[in-house]
Amino acid sequence: MSMFRRKGKRMPELNTASLPDLIFTILFFFLIVTHMRHDEIKVKYETPKGKKLEKLARQSSTSYIYIGRPTDNLGNVKSEEMVIQLNDKLVTLNDISHFIANERRTASDEDLNRMVVDIKADKNVKMGLITDIKQLLRKQNALKIRYSAQESNED
């Protein structure tokens, strides 16, 4: 206590009036810097059911391919034809190679080594379309592929 007193005077109290400003500035900084990627899903898909599923550990290095029926802004199915969605765009098979090449260019070295392509496909998608997508991914050397599924309740 003696180090706070000098010649019989007390040290003034710490002024905390600017503390809320500082906290909100730091909070605002982290909100700006944090990158949260959410795709607007433009296809309707019902993933197949499966057993012994694993959760995806790190999602920052994951590229998603959605395959399903196209929907309008209200979520109503527009046609029964299966389409492919990458990020927020409906694309053709030929666009997948450009998408993977672009993902590789923009990824950090650490994410590049962990790059995974997650296919979220409707359970009624023809296997020929999945095979075509896998062939295009193989040409781009995107060899780590995961398939999304729902946990099956049946034993």
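Reply: Asparagine 141 sits in the loop that runs between helix H4 and strand E9 (145-147). The model is a predicted one. Although asparagine 141 is not a glycine, its phi is positive, at about 60°.

Two packed helices are described by the angle between their axes and the distance between the axes. For helix H2 (residues 95-106) and helix H4 (residues 127-139), the axes come within 9 Å and cross at roughly 40°. That angle makes H2 oblique to H4, because an angle counts as roughly parallel only under 35 degrees, and as roughly perpendicular only from 65 to 115. The crossing of H2 past H4 is right-handed.

Which residues make the contact between H2 and H4? On the H2 side they are Ile96, Ser97 and Ile100, and on the H4 side Ile133, Leu136 and Leu137. Sorted by class, the contact of H2 with H4 has five nonpolar residues, one polar residue and no charged ones.

Serine 97 lies in helix H2. Is serine 97 buried or exposed? Its relative accessibility is 17%, so serine 97 counts as buried, the cut-off for buried being under 20% relative accessible area. With its neighbours within four places in sequence left aside, serine 97 is in contact with Leu136 and Gln140. Leu136 is also one of the residues that H4 brings to the contact with H2.

Now the wider chain. There are four helices and ten strands. Along the sequence they follow the pattern β-β-α-β-β-β-β-β-α-α-β-α-β-β. Of the 155 residues, 27% count as buried. Among contacts between residues at least 6 apart in sequence, 71% join residues at least 24 apart.

Threonine 47 gives an example of a buried loop residue. Threonine 47 is in the loop between E3 and E4, and its relative accessible area is 10%, so it counts as buried. Apart from residues up to four places away in sequence, threonine 47 touches Ala121, Lys123, Ser148, Ala149 and Gln150.

A pair of aromatic rings is described by the distance of the centres and the angle of the planes. Searching the whole structure gives three aromatic pairs. Phenylalanine 29 is partly exposed at a relative accessible area of 47%, and phenylalanine 30 is partly exposed at 49%.

Tyrosine 45 and tyrosine 66 form a tilted pair, because their ring centres are 6.0 Å apart and their planes stand at 40°. Tyrosine 45 is in the loop between strand E3 (43-44) and strand E4 (49-50), and tyrosine 66 is in strand E5 (residues 62-70), so this pair ties together parts that are 21 residues apart in sequence. Tyrosine 45 is partly exposed, with a relative accessible area of 25%, whereas tyrosine 66 is buried, at 6%. Through ring pairs, Tyr45, Tyr64 and Tyr66 are linked into a cluster.

Valine 77 counts as partly exposed, with a relative accessibility of 36%. Leaving out residues up to four places away in sequence, it touches Lys44, Arg69, Pro70 and Thr71. The C-alpha atoms of valine 77 and lysine 42 are 9.5 Å apart, although the two residues are separated by 35 residues along the chain.

To return to the opening point about phi: asparagine 87 also has a positive value, about 55°, and is not a glycine. Asparagine 87 is in the loop between E6 and strand E7 (89-91), and it is partly exposed with a relative accessible area of 25%.

Methods. Residues are numbered from 1 along each chain as its sequence is written. This is a predicted model: local features need pLDDT of at least 70, side-chain atom pairs count only at pLDDT 80 or more; totals for chains, interfaces and linings use all residues. Side-chain values use heavy atoms; hydrogens and water are left out. Axes are lines fitted to C-alpha atoms, for helices over the stretch in contact, and angles run from 0 to 180 degrees between N-to-C directions. Helices (H or I, at least four residues) and strands (E, at least two) are DSSP runs, numbered from the N terminus. Angles under 35 degrees count as roughly parallel, over 145 as roughly antiparallel, 65 to 115 as roughly perpendicular and the rest as oblique. A crossing is left-handed if the near helix is turned anticlockwise from the far one by less than a right angle, and right-handed if clockwise. Contact means heavy atoms within 4.5 Å. Ala, Val, Leu, Ile, Met, Phe, Trp, Tyr, Cys and Pro count as nonpolar, Asp, Glu, Lys and Arg as charged, and the others, Gly among them, as polar. Rings of Phe, Tyr and Trp (its six-membered ring) pair if their centres lie within 6.5 Å; planes under 30 degrees apart count as stacked, over 60 as edge-to-face and the rest as tilted. Buried means under 20% relative accessible area, exposed over 50%, partly exposed in between (1.4 Å probe, protein chains only).
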